[in-house]
Amino acid sequence: MANRLVSPIVWQRATVIETVRETPQARSLMLALPHWQRHRAGQHVEVRLTVEDGYQAQRSYSIASPPEAPYLMLTVERIAEGEVSPYLVDVVQEGDQLEVRGPIGGYFTWQASQSGPLLLVAGGSGIVPLMAMARHHALAGSTTPAHLLYSARQVDNIIYHAELEQLATEDQAFAVFYTLTRGAPPGWAGFQRRIDLDMLEDVGWPPAQHPLIYICGPTPLVEAVATMALHLGHAQGRIKTERFGPTGGS
Amino acid sequence: MDASRRLDGNAAAGLLREIFCWEMTSAAVTCGNCGATNAVGALIIYASPMGTVLRCPACEQPLVRVVRTSNDYWLDISGARCIQVTPDTAAT
């Protein structure tokens with residue numbers, strides 16, 4: 001048997017200190033952990049639930065809070081047939097404890113020190129890790145120009161809508177663009193279609209500016225947008241993706 | 001395989017961190033089949049209860065297979081020519 005010389009990532013008991021209803025399908029959980037290591041925007045954690053008979057279910061959730069925050073914020077969207085997300089979205093209360101380990105991942109991360117304009121493209125709950133980046137951008141006082149393109153079904157499904165509007169007002173280097181794919185309210189000023197080449201070109205940066213592009217959401221959206229970005233002439237090495245699977249959650 | 005079930009290598013970050021002492025999604029893997037080099041986080045995963053298979057995004061060759069049994073981790077990296085790990089203590 002191999003002896004471990006370096007400590008593995010360990011499970012910690014996180015305490016839910018606050019919950020915030022974001023949309024009918026999504027809720028944010030603010031967690032306090034006994035031993036939290038500063039994370040990077042874009043990283044995720046794993047959450048493990050154990051039921052009385054010992055059965056365990058484990059899922060990955062992106063971190064929504066920026067590295068500067070004193071707590072860990074996860075935003076979870078309910079998956080209809082899910083084992084874990086309905087519990088986190090509808091059942092967990094302040095004071096409850098969850099098993100959490102992380103932060104995990106170093107690839108799909110952004111730090112304010114990185115060069116190049118930033119293009120963030122989110123589909124549905126794919127906004128979560130990108131929100132950590134947008135919040136980090138504002139709190140770090142980054143002057144790197146950043147654009148967020150956020151595709152949601154309907155206006156009620158836009159997670160962090162009010163805060164995004166506020167960030168776009170207060171953070172001079174940050175702008176947000178929305179597109180709704182299943183109908184818009186009267187007077188809607190944003191896009192009203194699936195993300196396409198024209199939209200990506202309008203909202204993004206020319207390849208000559210070497211933007212860093214982060215795409216997160218349901219797998220079909222992520223792959224379609226990544227293909228468009230390559231078609232527009234962006235370098236593969238500047239495009240980072242985080243696929244959430246068929247329905248945009250796990 | 002159902003294309004909509006594809007995930008990024010990022011999804012295996014926690015599992016790989018159980019085995020390796022470094023954050024592994026930033027490690028660079030060279031495909032033994034086509035020679036493409038990509039970050040582990042940019043590899044393709046098809047989620048399966050049987051185990052985790054990380055494939056080359058260029059040619060879909062299996063590069064890293066991880067199966068966890070009750071007592072052991074089985075790690076098959078025969079599809080990869082080379083894995084370059086850059087220690088980064090800030091990201092685990």
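**Figure 1. Contacts of A:Thr219 in the predicted model.** In this predicted model, A:Thr219 touches residues of chain A and of chain B. From chain A, the residues in contact are A:Arg243, A:Phe244, A:Gly245 and A:Pro246. From chain B, they are B:Ala3, B:Ser4 and B:Arg6. Residues up to four places away in sequence are not counted here. A:Thr219 lies in helix H5 of chain A. Its relative accessible area is 0%, so A:Thr219 counts as buried.

**Figure 2. Helix H5 of chain A and its cover.** Helix H5 of chain A runs over residues 219-231 and has 13 residues. From the first C-alpha to the last, H5(A) reaches 18 Å, close to the 18 Å expected at 1.5 Å a residue. The buried residues in H5(A) are A:Thr219, A:Leu221, A:Val222, A:Glu223, A:Val225, A:Ala226, A:Met228 and A:Ala229. What covers these buried residues includes, from chain A, strands E7 (118-123), E8 (146-152), E10 (212-217) and E11 (239-243), and helix H4 (197-203). Strand E1 (6-8) of chain B is also part of the cover. After H5(A) comes A:Gly233, with a positive phi near 105°.

**Figure 3. The largest nonpolar core.** This core has 38 residues. Those with the most contacts inside the core are A:Ile127, A:Leu130, A:Leu148, A:Tyr150, A:Tyr160 and A:Tyr214. Among the chain A elements that give two or more residues to the core are strand E2 (26-32), helix H2 (127-139), helix H3 (161-170) and strand E9 (174-180). H2(A) gives the most, with 7 residues. In soluble globular proteins, nonpolar side chains tend to be buried together.

**Figure 4. A:Val45 and its contacts.** A:Val45 is part of strand E3 (residues 44-50) of chain A. The relative accessibility of A:Val45 is 0%, and therefore A:Val45 counts as buried. Leaving aside neighbours within four places in sequence, A:Val45 is in contact with residues including A:Trp36, A:Tyr61, A:Ile63, A:Leu72, A:Leu74, A:Val100 and A:Pro103. A:Pro103 is 58 residues from A:Val45 in sequence, but their C-alpha atoms are 5.3 Å apart in space.

**Figure 5. A nonpolar patch on the surface of chain B.** The patch is formed by B:Trp22, B:Leu75, B:Ile77, B:Ile83 and B:Val85. Together, these residues have about 360 Å² of accessible area. B:Val85 is found in the segment after strand E8 (80-84) of chain B. B:Val85 has a relative accessible area of 34%, so B:Val85 is partly exposed.

Note on methods: Residues are numbered from 1 along each chain as its sequence is written. Chains are lettered from A and ligands numbered from 1 in the order in which they are written. This is a predicted model: local features need pLDDT of at least 70, side-chain atom pairs count only at pLDDT 80 or more; totals for chains, interfaces and linings use all residues. Side-chain values use heavy atoms; hydrogens and water are left out. Patches are made of residues with over 30% relative accessible area and no salt bridge: like charges are joined within 9 Å, nonpolar side chains (Val, Leu, Ile, Met, Phe, Trp, Tyr) within 5 Å. Accessible areas come from the Shrake-Rupley method with a 1.4 Å probe; for residues, only the protein chains shown count as cover. A salt bridge is a side-chain nitrogen of Lys or Arg within 4 Å of a carboxyl oxygen of Asp or Glu. Helices (H or I, at least four residues) and strands (E, at least two) are DSSP runs, numbered from the N terminus. Buried means under 20% relative accessible area, exposed over 50%, partly exposed in between (1.4 Å probe, protein chains only). The expected span of a helix is 1.5 Å times one less than its number of residues. Contact means heavy atoms within 4.5 Å. A nonpolar core is a set of buried Ala, Val, Leu, Ile, Met, Phe, Trp, Tyr and Cys residues joined through side-chain atoms within 4.5 Å.
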